[in-house]
Amino acid sequence: MTPARALGTMVAVSALVAGVAIPAYAATQSPAASAEASTWDEASNDSQAFSSSGDLASADLASTSYAARTADEIAQIDAEREALERAKEQQAAQQEAAAQQQQQQEQPAPAQGAPAAAAEPPAPAPEAPPAADGSWVNPLGGAGYYISRSVGSGHEGADMVTSSQADYTVPIYAAKSGTVITSGEVVGGWGNTVAIDHGDGTTTLYGHMSPGSRQVQVGETVTQGQMIGYVGSTGRSTAHHLHIELRINGAIVDPVGNLPI
């Protein structure tokens with residue numbers, strides 16, 4: 001081989017080696033070695049790293065750990081709910097009271113002439129003893145009583161306050177035979193009252209009887225000493241007593257001294 005040809009072959013091989021080795025060497029260098037950094041490289045260098053510790057526990061979010069309403073809204077809702085419950089209770093109580101009232105109204109009323117408040121009808125009372133002269137008898141028979149006041153200062157009768165202060169315990173008797181001219185539960189301030197016309201110009205009135213205790217009605221004829229009711233405290237009265245009035249030809253006469261009381 002000639003020296004010129006050998007030299008040319010060596011130059012060609014060197015060029016070939018350089019063309020392969022230089023790119024390979026450039027590929028092994030880090031991006032930081034390049035003269036110009038790419039956008040991705042700049043972003044990677046500025047980014048922040050985050051690492052979590054194994055000691056951290058995730059929060060257990062339950063449905064009650066948050067609310068869609070404010071505390072004021074919740075308080076208002078609770079107040080409205082309580083008001084609604086109270087309204088329902090009041091309505092139920094009113095309905096129950098109305099039902100009880102209707103039931104009481106539907107119960108049959110006690111028969112007129114029978115004691116309304118007595119659980120059992122009172123035992124038959126003994127008749128008052130007849131008067132010795134046949135004129136008058138004591139309207140309370142032998143029951144204990146005292147006269148609290150008589151005619152005067154606008155009071156037109158005698159008040160016979162009984163020792164017993166209970167309904168249906170002291171019977172009232174007709175002081176004389178006659179015809180019933182008044183019989184009513186509410187007669188002025190006398191309350192439950194009976195009046196009798198004795199047919200000789202005299203009349204007697206028996207007031208404040210126990211409720212429903214009247215035994216006679218208007219138009220009936222009664223005999224002397226017949227029981228006509230029981231002592232009570234109806235009308236304008238503050239104690240159980242018999243208010244008895246005596247009239248002669250329509251004029252008020254004091255029963256004390258004219259009746260055997």
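In which strand is Thr204 found? I located Thr204 in strand 6, residues 202-209 (strands are DSSP runs of E, at least two residues, numbered from the N terminus).

The model is predicted, and local features need pLDDT of at least 70, side-chain atom pairs pLDDT 80 or more, while totals for chains, interfaces and linings use all residues. Numbering runs from 1 along each chain as its sequence is written, and side-chain values use heavy atoms, without hydrogens and water.

Thr204. I looked up its accessibility: Thr204 counts as buried because its relative accessibility is 2% (buried means under 20% relative accessible area, with a 1.4 Å probe and protein chains only). Leaving out residues up to four places away in sequence, I found that Thr204 touches Trp136, Val194, Ala195, Ile196, His198, Glu245 and Leu246 (contact means heavy atoms within 4.5 Å).

Aromatic rings. I searched the whole structure and got one aromatic pair (ring centres of Phe, Tyr or the six-membered ring of Trp within 6.5 Å; planes under 30 degrees apart are stacked, over 60 edge-to-face, the rest tilted). The centres of Tyr168 and Tyr230 lie 6.1 Å apart with planes at 70°, so I noted the pair as edge-to-face. Tyr168 sits in the loop between strand 2 (158-162) and strand 3 (171-173), and Tyr230 in strand 8 (residues 227-230), 62 residues apart. I also noted that both Tyr168 and Tyr230 are buried.

Trp136. I found Lys176 over the face of Trp136, 4.7 Å from the ring centre (the criterion is NZ of Lys or CZ of Arg within 6 Å of the ring centre and within 35 degrees of the ring normal).

Methods. Helices (H or I, at least four residues) and strands (E, at least two) are DSSP runs, numbered from the N terminus. Buried means under 20% relative accessible area, exposed over 50%, partly exposed in between (1.4 Å probe, protein chains only).
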